[in-house]
Amino acid sequence: MSDSPLALAKITWKHPQTGVVQEFVLTEGATATIGRQAGNDICIPEQHVSRQHAVINYRDGIFMITDLGSANGTFVNDIQLTEPFPLAGGDDIRLYVPLLKFSAAVSEEDHRLAEEHGTLITATINTGKGKLIITNGPQEGNTIPLLLNRVTVGRATSKADWEIGLQDPSVSRPHAKLELIDGNWVVYDMGSANGTLVNNVMINEKGRPLRDGDILTFGATIVLFRAG
């Protein structure tokens, strides 16, 4: 396993009906999306879980969990999240009803089984491509591939000429733009009325480079950026 990515954490979920236990191992640099919709890194097919419910990011040596504007909320140790929260070994993650256990201890056997079962979550390789996943509102679950080197985001109107139209009256016309610069995506605000945020921090016209798993807020719409 010397050539394998360093496994740092484990998330365990027990299906309440079947009793089947699923274990997901997270390596250094990994991003893990959690939600009801197939295609999430951790799929929890339960009615109280939103299609795109929460995301766990590896940031500066720790795993952070953020709610993605879910309908019923994300809780850590029974405290509802209102901003990104650092996870520690032994924490309970509750998606309103379903309970997941976060562990900072991963054995070689855990790693081997995760590889065998396809539940090893590793860092995404940046290929210069990317996609946006809308995680709340009327377009929740929609995935928008970033196929051009520059895209503009704005409110969906009959006369809109921007590439990404959001059905949100709090989004400006236009609101923000994303550009591919030297293989990395950068987001810029375009003087919008309600601002553009990356991981809850307001940005400006100077732009902000994006990393896999970053959370963008345009008006009241939350969007997840996935690289690669």
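# Briefing: a predicted chain of strands

The chain has one helix and 23 strands; helices (H or I, at least four residues) and strands (E, at least two) are DSSP runs, numbered from the N terminus. Its radius of gyration is 18 Å, close to the 17 Å that the globule rule gives for 228 residues, so the chain is as compact as a globular protein of that length. That radius is taken over C-alpha atoms, and the globule rule is 2.2 Å times the number of residues to the power 0.38.

This is a predicted model: local features need pLDDT of at least 70, side-chain atom pairs count only at pLDDT 80 or more, and totals for chains, interfaces and linings use all residues. Residues are numbered from 1 along each chain as its sequence is written, and side-chain values use heavy atoms, with hydrogens and water left out.

**Overall build**

- The C-alpha trace spans about 55 × 40 × 25 Å along its principal axes.
- Of the 228 residues, 46% are buried. Buried means under 20% relative accessible area, exposed over 50%, and partly exposed in between (1.4 Å probe, protein chains only).
- Among contacts with a separation of 6 or more, 44% come from residues 24 or more positions apart. A contact means heavy atoms within 4.5 Å.
- The accessible surface comes to about 11100 Å², and carbon and sulfur atoms hold 49% of it. Areas come from the Shrake-Rupley method with a 1.4 Å probe; for residues, only the protein chains shown count as cover.
- There are 19 positive and 26 negative side chains, and the centres of the two sets lie 7 Å apart. Lys and Arg count as positive, Asp and Glu as negative; His and the chain ends are not counted. Each charge is placed at NZ of Lys, CZ of Arg, CG of Asp or CD of Glu.

**Aromatic residues**

- The structure holds two aromatic pairs. Rings of Phe, Tyr and Trp (its six-membered ring) pair if their centres lie within 6.5 Å; planes under 30 degrees apart count as stacked, over 60 as edge-to-face and the rest as tilted.
- One of them joins phenylalanine 63 and phenylalanine 102 edge-to-face, at 6.3 Å centre to centre with 70° between the planes.
- This pair links distant parts of the chain: phenylalanine 63 sits in strand β6 (residues 62-67) and phenylalanine 102 in strand β11 (residues 99-103), 39 residues apart.
- Phenylalanine 63 is buried at 5% relative accessibility. Phenylalanine 102 is buried, at 5%.
- Tyr58, Phe63 and Phe102 form one aromatic cluster.

**Two threonines**

- Threonine 122 lies in the loop between β12 (120-121) and β13 (130-134). It is partly exposed, with a relative accessible area of 34%.
- Threonine 122 lies 9.1 Å from leucine 6, C-alpha to C-alpha, across 116 residues of sequence. Leaving aside residues up to four places away in sequence, threonine 122 touches Pro5, Thr27 and Ala30.
- Threonine 152 belongs to strand β15 (residues 150-155). It counts as buried, at 13% relative accessibility.
- Beyond residues up to four places away in sequence, the contacts of threonine 152 include Trp162, Ile164, Pro174 and Met190.

**Backbone details**

- Arginine 173 and proline 174 are joined by a cis peptide bond, with omega about -5°. Proline 174 is in the loop between β16 (164-166) and β17 (176-181).
- Aspartate 60 is not a glycine, yet has a positive phi of about 50°. It sits in the loop between β5 (54-59) and β6, and is exposed at 74% relative accessible area.
- Aspartate 78 also is not a glycine and has a positive phi, about 70°. Its place is the loop between β7 (75-76) and β8 (79-80), where aspartate 78 is exposed at 59%.
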